Amino acid sequence: MGNVPTTVKHCLSYKQIIEDYPWLKSWLEEEKIITEHEYPDFVKIVEVGPRDGLQNEKENVPTRVKIQLIDMLSTTGLSVIEATSFVSSKWVPQMADHTDVLRGIQRAPHVRYPVLTPNMQGFQDAVSAGATEVAVFGSASETFSRKNINCSIAESMLRFEEVISAAKDRQIPVRGYVSCALGCPHEGNIDPSKVAEVAKGLYEMGCYEISLGDTIGVGTPGSMFKMLQKVMKDVPIKSLAVHCHDTYGQALPNILTALQMGVSVVDSAVAGLGGCPYAQGSSGNVSTEDVLYMLHGMGIETGVNLDRVIEAGDFICNALDRRTNSKVAQARGRTL
Amino acid sequence: MMAAVVVRFVNRCTLRLGMGQQYLGFSSVAKEKTASVRAAHSLPGKVKIVEVGPRDGLQNEKTIVPTEAKIHLINMLTESGLPVIEATSFVSPKWVPQMADQVEVMNGISKKPGVSYPVLTPNLKGFQAALKAGASEVAIFGAASELFSKKNINCSVEESLQRFEEVMKAAKEAAVPVRGYVSCVVGCPYEGHVAPEKVAHVAKRLYSMGCYEISLGDTIGVGTPGSMTKMLEAVTKEVPVSALAVHCHDTYGQALANILIALQMGISVVDSSVAGLGGCPYAQGASGNVATEDVVYMLHGLGIQTGVDLSKLMDAGAFICRTLNRKTSSKVAQATCKL
């Protein structure tokens, strides 16, 4: 392009203009913004099927089936599998066999098996049963807190402080959940600053990770963005996770939005186990299979083998006598 | 070019200041912070929904729907505010018996002014029949995969494009706008991977022939935000983004995520099907089209206007599901319905 005047050269070639004026590249970055997103290289999947999933299924699953499910999931490459919940069996009968489950599973090395512990009693039972990681559940909605665990948010936080303190003494890591992060079945819209407040509270108390839950699945990329923007100011992004429900089909775009904002931990449930207690007959948790399909398609590593997860999903759906909620599993022809 | 650079620079500064973000010039920290800017601002204010339920949806349902029910469905969809409703297909009833009542449907619907009712016309014969039946917009279907073209319409991609040239010529003479579809844009049931450049080539051909809009179809729903991005990057080099639409299938649950990516890349036309009508002929028992209700729910949640009344749309979905005696594939409809 020797004899061509510089301006013409620049008109003809974007590459040329960048070569001659390298500082321009950043100014022009906006052009790249639309086509290039910064995604995490690796996403950690937190499998909540055996706990959150089974807890919300109508059928009560026998203990040996739960153990087999967890054992199958342990061979898929998943690094975190929420095993059970040490809540009073009066409230959650599906989790009454918590001690037997935790003692019965074959713990794979490099896999963690957190359990829910809503209070000191639960925590102590969990420790006796051999728990090495626990989780506590806060809410961003006062009404939900009262209806769900019969106390205000502030009171629940005091309860958690006890648990976290006891956990610290035993060097047991604690994960914090915030439910109703994008909407409440009683209150409707939830102010993102409330979510941030609760998330910050849990984080400062000592939770290593905060999972933000769209409990009724009403969130969209719009509300997910606004909520994360607020929470990110108070909790470092690498300590955040998203727990999206697919009740309105929005889970995957919501997860995508979270990834675009730097979140790299995603909760999901094999076969999309767990309906929504607030919308009869609707789905709840997003399917691990569908999340994996998306992540792998984007070149994001997870360490998880999709086919093995589908097998585990087949197994539990057969046991529950129900159809999988995972579209990937359905498409692959593995349905009842 | 320099003017464009200056404009971009000014836009970017204003945008940054408008968003209340501190301008972070050249550091790599900027990357972290810009992530949140990206997620928010590069979305269209309005999206045009092209409702394909009455054609693509019903064509792929096992049960054949009576003509009056089709007409009633289309009228209900018109009432919901949809701007484009694909009404029927002028394909030979020998191949697509579900669309055999094409003329009665066209004559029977109450066409609202300002709403478009395109019909499929695979060849000149179909086009002439469509025109006679009162069609004022038509659509033609190309494929980005040779094998798919051969198996689906029994000719190569190039041969099909030549057939369409006839239709284009006749349509121009009759001043009838033509929409072009490209199928298998991110995967083919026979060939597997489809090269983005091939998609761009077919899209460009259809556009240069005179199609006012090109709808890019993920026919078997295998696409993900990864493959969608690559494909759209290739196509937007050849066809202006304002003339592009996405037609995502939800067979692997990826449709809404793929649509979101397309919106972020400047696309503002989305095809969908009420109640997610239309299964996937290549994956037994799997879903096909993405549900219009779920798309509208996402768009409205993003503050994007569609002109669609979601509850009227759900009424239309409920009606057709009752008629077909099947459950809706729309999650929004399932969640809203009090079972």
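Q: What is the relative accessible area of B:K204?
A: B:K204 has a relative accessible area of 39%, which makes it partly exposed; buried means under 20%, exposed over 50%, and partly exposed in between (1.4 Å probe, protein chains only). B:E238 is partly exposed, at 35%.
This is a predicted model, in which local features need pLDDT of at least 70, side-chain atom pairs count only at pLDDT 80 or more, and totals for chains, interfaces and linings use all residues, while side-chain values use heavy atoms, without hydrogens and water. Residues are numbered from 1 along each chain as its sequence is written, chains are lettered from A and ligands numbered from 1 in the order written.

Q: Which side chain meets B:K204 in a salt bridge?
A: Side chains of opposite charge can pair when their charged atoms come close. A salt bridge requires a Lys or Arg side-chain nitrogen within 4 Å of an Asp or Glu carboxyl oxygen. Here B:E238 pairs with B:K204 at 3.1 Å, N to O. B:K204 lies in helix α9 and B:E238 in the loop between α10 and β8, so the bridge ties together parts 34 residues apart in sequence. Helices (H or I, at least four residues) and strands (E, at least two) are DSSP runs numbered from the N terminus.

Q: Which residues do salt bridges with shared partners join into one network?
A: The network holds A:K44, A:R175, A:E209 and A:D267. Within it, A:R175 and A:D267 meet at 2.8 Å, N to O. The former lies in strand β6 and the latter in strand β9, so parts 92 residues apart are tied together. Both A:R175 and A:D267 are buried.

Q: How many salt bridges are there over all chains?
A: The count is 21.
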